[in-house]
Structure formats: C-alpha cells, structure tokens
Amino acid sequence: MKKFGWRKSVVAAAFLLSLAIGIFFVVRAVRPAIYWHYHKDEPIESWMSVGYVAHSYHVPPHVLFLALGLPHKPPDKRPLSEIARAQNRSMDEIRTILLDAIVHARPPYPPPPPPPPDPRSSP
Amino acid sequence: MSITDYLLAEMSVHGVPLLFGVVTVASVGVPFPVTFTLVAAGSLARQGEMSLLPIIVAGSAAAILGDHIGYGLSRWGGRPLIVRISRRIGGEHKIKKAEALSKKWGGSGIFFSRWLITELGPWLNVTSGIAAYPLRRFVIWDVLGEVLWVVLYVMLGYIFSDRVLFISQIMGNLAWAILAFVVAIILGWRLFRYFRPAAPAIE
C-alpha cells in the first residue's frame with residue numbers, strides 16, 4: 001500500500017467535494033422537474049407579464065387583464081411587480097386575483113366569454 | 001423591481017436591440033441573468049411578440065462581440081502590464097507556463113464556457129487574452145460555442161414557451177452538475193493513478 005501523503009489527501013477531499021456538489025445540483029435540477037410533472041403550472045412570479053401568465057396557464061389573456069381591471073388592448077406588457085406597485089397591491093394579492101380568474105376560466109366552469117370590443121375601434 | 005423584471009419588461013417593448021445590448025454587456029462580464037433572458041426571448045417569439053431569426057442572429061453576434069471585447073482588453077491592455085510587472089518581480093516562467101496550459105486546454109475551455117458553464121465565459125476571455133491564446137483559434141471556438149448557446153436556449157424557450165421558469169431552473173442546475181462531475185472524473189482519475197501499482201521500471 002502506498003503512503004497516503006497530504007497531496008493525495010487533498011485530491012481525495014476535492015474529489016469527494018466535487019462529487020457532493022454534483023449530486024447537490026442534480027437534486028436541485030430534479031426538484032423543478034418533479035414539480036413540473038405533477039403540477040403542470042408554474043408558480044406566478046413578479047417578472048412575469050399578464051400575457052405570459054395567460055400563455056403559461058393556457059387561458060385567454062383578456063380574462064386576466066379584466067380581473068386586474070386593465071384594458072386588454074393594447075396588451076399591457078409590464079411585469080406583475082410593476083402592475084402591483086401601480087395598483088398599490090402586494091404581489092400576493094395580484095397572485096390571488098390571477099389564480100382566481102384562472103380557476104374560473106378552466107373546466108368545470110364554462111369557457112370564458114369572448115373579449116369585449118376594443119375601445120379604440122368604437123366611434 | 002428586480003433586474004430580471006426590468007430586463008424582461010423592457011425586452012418585450014424594445015425587442016432585439018435591447019437583447020443585443022444585454023448579451024454584449026453580459027458577455028464582457030456584467031452579471032446579468034442572460035441565459036434566462038434568452039429562454040424568455042424564445043418564449044416571446046412563440047407568443048408572437050418577437051421573431052425567432054433576429055433573436056438568434058442578434059444574440060450570437062452580441063455574445064461574440066462581448067467576448068472579443070473581453071479578450072482584446074486583456075490581450076492588448078492587461079497582458080503588457082502583467083508581463084512588465086512579472087519581469088520586475090521575476091515571474092516570467094509562470095507566464096510561459098500559463099501560455100502553454102492555455103494553448104493545450106484553451107480551446108475546450110473556451111468552447112464549453114460559451115454554452116455549458118456560461119458563468120465562466122468572461123473569465124476565460126480574460127485568461128485567454130492574458131495568456132495570448134491565438135486569436136484565430138479563439139474566434140473559431142467562440143463562434144461555435146456562442147451560436148450553440150444562443151440556439152440551444154432560445155429554442156428551449158420556444159419549445160417550452162409556457163415553462164420558462166422550470167426550464168431555466170433545470171438547465172442552470174444541470175450545467176453546474178455536469179461541471180462538478182467533470183472535475184470529479186478528472187480528480188478520480190488522478191486518485192486511481194496514485195493507487196495503481198507502478199509499472200516495473202525498464203533498465
């Protein structure tokens with residue numbers, strides 16, 4: 001058996017450390033994958049726009065714009081954090097409003113009505 | 001409002017020019033969440049708010065430009081300074097060693113830091129410049145790696161346009177896991193060599 005000098009000890013420790021870091025990141029990568037598999041929907045975050053939330057949750061955008069009291073045309077592209085600040089609401093309130101509108105736009109509820117006419121096109 | 005909120009909000013308004021600016025600055029070394037921005041741009045393309053081809057062309061061109069700024073500044077700005085200092089304090093052989101190491105491993109380092117471990121990209125630009133890694137070879141590895149990076153992440157965003165958050169989290173963590181396992185394999189190989197019985201010496 002060869003002598004296990006300090007240099008080899010350092011290499012062995014670095015080997016175990018890099019293995020542990022690799023496993024740590026695999027676990028971190030698997031977690032969202034499992035969440036994705038079971039939940040399908042992403043959690044609503046402050047960077048998302050109303051259009052993205054509608055796209056991600058597969059509901060018509062006008063339903064969410066109306067729920068937030070915003071005109072659906074032209075589409076408001078601001079992130080939710082900015083809308084929350086402008087409306088003096090917390091992100092939690094915005095999230096609750098959107099999730100409530102999403103639930104009511106999906107089965108078993110009847111499909112949402114078509115968007116109201118564009119106010120710009122009326123005389 | 002976080003930097004991610006701001007970037008994404010502005011990108012859906014200003015589109016490709018903003019993407020170009022963000023990717024250039026990030027490639028020089030400013031820590032922007034740029035991989036996530038590319039995934040989001042792919043998603044915006046799927047939603048019809050941007051076009052796919054301009055995103056890919058502008059993203060690749062910006063990344064290549066940013067890398068060359070980093071490389072150029074360190075090769076023609078930083079390197080002469082370091083050479084002068086090391087001549088004074090007597091560390092010239094270390095620069096020679098760094099140059100040799102860069103020539104041997106630089107290509108794969110540049111390529112993989114373009115698209116896999118992108119956080120290391122700006123550092124590799126600087127070390128390649130300081131070690132005077134040949135420009136022609138730098139250009140080849142850089143272009144290959146950056147185009148792959150942009151196409152990969154924009155297309156992931158395009159395909160999984162309703163799962164931008166999940167894709168970014170999964171890819172970000174997987175990249176670090178791959179890097180850690182590559183390091184573990186290299187160290188494991190060294191350990192294996194330590195404990196392998198030595199070949200009988202030939203007299």
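**A tryptophan, a helix and an interface**

Reader: Is B:Trp189 buried or exposed?
Author: The cut-offs go by other C-beta atoms (placed from the backbone) within 10 Å of a residue's own: 20 or more is buried, 12 or fewer exposed, in between partly exposed. B:Trp189 has 11 such neighbours, so B:Trp189 counts as exposed.

Reader: What kind of model is this, and how is it numbered?
Author: Residues count from 1 along each chain as its sequence is written, while chains are lettered from A and ligands numbered from 1 in written order. Local features need pLDDT of at least 70, side-chain atom pairs count only at pLDDT 80 or more, and totals for chains, interfaces and linings use all residues, since this is a predicted model.

Reader: Which helix holds B:Trp189?
Author: Helices here are DSSP runs (H or I, at least four residues), numbered from the N terminus. The run holding B:Trp189 spans residues 164–195 of chain B, and that's helix H8.

Reader: Which residue follows H2(B)?
Author: Inside H2(B), the buried residues include B:Leu19 and B:Phe20. After the helix comes a residue with a positive phi, near 140 degrees: B:Gly29.

Reader: Which element gives the largest share of chain A's side of the contact with chain B?
Author: Contact means C-beta atoms, placed from the backbone, within 7 Å. Chain A puts in 30 residues and chain B 30. On chain A's side, 16 residues come from the top contributor, H1(A).

Terms used. Helix = DSSP H or I, 4+ residues; strand = E, 2+ residues; numbered from the N terminus. Contact = placed C-beta atoms within 7 Å.
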